[in-house]
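Let's take a walk through this structure together. Have the sequence and the 3D view ready, and follow along.

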Number of protein chains: 2
Amino acid sequence: MQGFFRSYFLLHRILISKLNDLLSAHGLIYSQWMVMYYVKNQGPSTLVDISNYYNVRKPVITRTVQSLEEAGFVCQIPSRDRREKIIQLTASGEAVYGECRQLIDALEREVTRGLSDEEKDVTLRSVIKIRENIINIGGNKHA
Amino acid sequence: MQGFFRSYFLLHRILISKLNDLLSAHGLIYSQWMVMYYVKNQGPSTLVDISNYYNVRKPVITRTVQSLEEAGFVCQIPSRDRREKIIQLTASGEAVYGECRQLIDALEREVTRGLSDEEKDVTLRSVIKIRENIINIGGNKHA
DNA sequence: CATTAACGATTACCAAAGGTAACTATTAAG
DNA sequence: CTTAATAGTTACCTTTGGTAATCGTTAATG
């Protein structure tokens, strides 16, 4: 696996650039998409839920959620615990999520063209495995 | 390959965080390592060489190279074309490169633990192939 | 050969995505 | 009832990317 990191990071920039091109056409940026993705698939969530899932500090999520509220893509629903801020997608959030979901799925098929199902499967499982390994190494500041 | 992007980006944050932990112990950050890596492996290079390789704008490279010069890890060598700035690693740059190289190789082995050689190979080739696909899709603003 | 093009590098900005520290409310524990 | 812990926010910093405009220098062209 000589040079895996290099190839990985070389891919990252160009991949996130493509993704942002796609999202910006719908008024979104990557960090907003991440939050919408989580809320769509996990249901109404607190900021701490999202923060834990992505291993990102709370203020970062606060900022992103605020921008999504201003854009009208998420809204707050009441909670028994009045400290919590539970958010969910609005109708317009659902709509833009659906549009982007399709485009992203299409992009994913496009960029993996030429790879067999077997190769795709191995690659996906390897990426997940590598992440697990890093988490288990420990010493990561955000466990 | 449903969810490849998600897994890929989930890995990225944690991977670059590990890498920066490692580099910061030697006074480097990721962007500096990238430049040193290129200069080490391609030999003395201009800023445009580096910019083209990483598909990153020139001012970004200017800034990184300046920080490396201040740190004493790279220096300029004269060129016939007086527009160009050709840089190479200094002795201290070579030393720190060597130290980090070993640690990064070790980290790479560690995080890919549990993957067979076959799986590692397929994964590396897939990542490279995906990058090629994206570049060939065209429309990338930085071709 | 003189003028114009192109090129390499830089400066001065801006944006996105991450981080810390310190704070306010609110709830849970003792 | 007082103290802890928790959820969220605010203010600010860092890293890594981008643009636009500019300066020197080289290459092209009339």
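What do the buried residues of H5(A) pack against? They pack against helix H1 (4-24), helix H2 (30-42), strand E1 (74-77) and strand E2 (86-89) of chain A together with helix H6 (117-137) of chain B. Helices here are DSSP runs of H or I with at least four residues, strands are runs of E with at least two, and both are numbered from the N terminus.

A quick word on the ground rules. This is a predicted model, where local features need pLDDT of at least 70 and side-chain atom pairs count only at pLDDT 80 or more, while totals for chains, interfaces and linings use all residues. Residues are numbered from 1 along each chain as its sequence is written, and chains are lettered from A and ligands numbered from 1 in the order in which they are written.

The buried residues of H5(A) are Gly93(A), Val96(A), Tyr97(A), Cys100(A) and Val111(A). They cover an arc of only 105° around the axis (taken from the directions from the helix axis to the C-beta atoms), which puts them on the same side of H5(A). Turn to the other side and you'll find Ala91(A), Gly98(A), Gln102(A), Ala106(A) and Arg109(A) exposed. Here, buried means 20 or more other C-beta atoms within 10 Å of a residue's own, exposed means 12 or fewer, and partly exposed is in between, with C-beta atoms placed from the backbone.

Now for the two protein chains. Their contact takes 39 residues from chain A and 39 residues from chain B, where contact means C-beta atoms, placed from the backbone, within 7 Å. On the side of chain A that touches chain B, H6(A) gives the most, with 15 residues.

Chain A can be laid on chain B with an RMSD of 0.1 Å by a turn of 180° and a shift of 0.0 Å along the axis, using least squares on the C-alpha atoms of residues with pLDDT of at least 70 in both. The two copies are thus related as by a two-fold rotation axis. In chain A, the C-alpha of Thr123(A) is nearest that axis, at 2.3 Å.

Finally, look at DNA strand C. It is surrounded by 23 residues, the closest being Tyr30(A), Ser31(A), Arg82(A), Leu47(B) and Pro59(B); near means a C-beta atom, placed from the backbone, within 6 Å. H4(B) brings the largest share of this surface, four residues.

Note on methods: Contact = placed C-beta atoms within 7 Å.
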